[in-house]
Amino acid sequence: MKFFVDTADISEIKKINETGMLDGVTTNPSIIAKSGKNFLEVIKEISTILDDRPVSAECVSLDYNTMMKEAEKLLTLGNNITIKVPLTVDGLKACKELSDNGVDVNVTLCFSANQALLAGKAGARYISPFVGRHDDWGIDGMDLIADICNVYDNYDFPTEVLVASARHPQHLLSSAKIGADVITIPPKVFYQLYQHPYTDLGLNAFEKDWAETGQSIL
Ligand code: E4P
């Protein structure tokens with residue numbers, strides 16, 4: 001399972017990159033606004049840090065022609081840019097055109113398996129179903145992930161299921177059990193994955209016992 005982080009916070013991206021676990025970065029207009037930085041500059045910076053791993057940069061226009069122009073500009077920011085488009089008629093038209101020309105496209109704001117099927121037919125490299133925003137409305141977002149994985153398997157779509165709007169480690173575990181290809185998580189959730197109270201307790205005991213031996217390895 002690939003781990004992407006959903007942030008434009010450069011210092012967090014650098015820190016997580018050093019763990020060796022980072023497979024990609026996703027952003028959206030809200031994340032860019034929160035960073036307080038210039039969109040094009042911050043994407044370029046993330047792209048350099050990620051090197052050959054994918055960085056999703058989202059088109060902000062809603063019509064096909066402007067979306068295609070934005071995509072063209074975003075693609076100049078690095079050779080690892082994935083173009084993010086919304087799941088609309090124009091968005092999927094842009095997805096088809098870009099994908100036919102060898103560009104990786106991440107179709108975002110997916111809330112149904114039918115939408116995911118359309119994105120697959122449009123040649124998307126990634127589909128981003130938003131699980132947390134489903135949960136917000138009392139609907140289990142993980143059912144959607146299972147449905148999409150099932151539909152894609154039925155027809156051998158190469159489109160990768162990128163679980164988005166993941167808010168806690170349980171989202172990751174459930175996604176992994178279903179077999180989703182990728183998950184994008186906030187930095188805080190990334191660090192939560194490492195944590196377990198028994199690990200801390202065990203480590204404390206080992207440290208204490210080792211100190212009593214008076215030995216050192218080095
Ligand atoms: C996906 O690519 C989006 O950037 C993101 O995961 C949305 O998450 P949120 O619902 O927590 O804002």
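Let's start with Phe-190. At 2% relative accessibility, Phe-190 is buried (buried is under 20% relative accessible area, exposed is over 50%, partly exposed is in between, with a 1.4 Å probe and protein chains only).

A word on the source. This is a predicted model, where local features need pLDDT of at least 70, side-chain atom pairs count only at pLDDT 80 or more, and totals for chains, interfaces and linings use all residues. Residues are numbered from 1 along each chain as its sequence is written, and side-chain values use heavy atoms, with hydrogens and water left out.

Now the aromatic rings. How many aromatic pairs does a search of the whole structure find? Six. To pair, rings of Phe, Tyr and Trp (its six-membered ring) need centres within 6.5 Å; planes under 30 degrees apart are stacked, over 60 edge-to-face, and the rest tilted.

Take Phe-4 and Tyr-126. They are edge-to-face, with 5.9 Å centre to centre and 75 degrees between the planes. This pair links distant parts of the chain: Phe-4 is in strand β1 (residues 2-6), Tyr-126 is in strand β6 (residues 126-129), and they sit 122 residues apart. Helices (H or I, at least four residues) and strands (E, at least two) are DSSP runs, numbered from the N terminus. Both Phe-4 and Tyr-126 are buried.

Back to Phe-190 and Tyr-191. Their ring centres are 5.2 Å apart and their planes stand at 80 degrees, so this pair is edge-to-face. There is also an aromatic cluster, formed by Tyr-152, Tyr-155 and Phe-157.

Next, Ser-175. Ser-175 lies in helix α9 (residues 169-178). Is Ser-175 buried or exposed? Buried, with a relative accessible area of 0%. A polar atom of the Ser-175 side chain lies 2.6 Å from the backbone oxygen of His-171. Setting aside neighbours within four places in sequence, Ser-175 is in contact (heavy atoms within 4.5 Å) with Met-1, Met-142, Val-163, Ala-180 and Ile-183.

Last stop, two helices. Helix α1 (residues 10-17) packs with helix α3 (residues 39-50) at about 10 degrees, with axes 11 Å apart. Axes are lines fitted to C-alpha atoms, for helices over the stretch in contact, and angles run from 0 to 180 degrees between N-to-C directions. So α1 is roughly parallel to α3 (under 35 degrees; over 145 is roughly antiparallel, 65 to 115 roughly perpendicular, the rest oblique). On the α1 side, the contact uses Ile-10, Ile-13, Lys-14 and Asn-17. From α3 come Val-42, Glu-45, Ile-46, Ile-49 and Leu-50.

Notes. A polar contact is a pair of N or O atoms within 3.5 Å; within protein, one must be able to donate a hydrogen and the other to accept it, and residues adjacent in sequence count only if both atoms are side-chain atoms.
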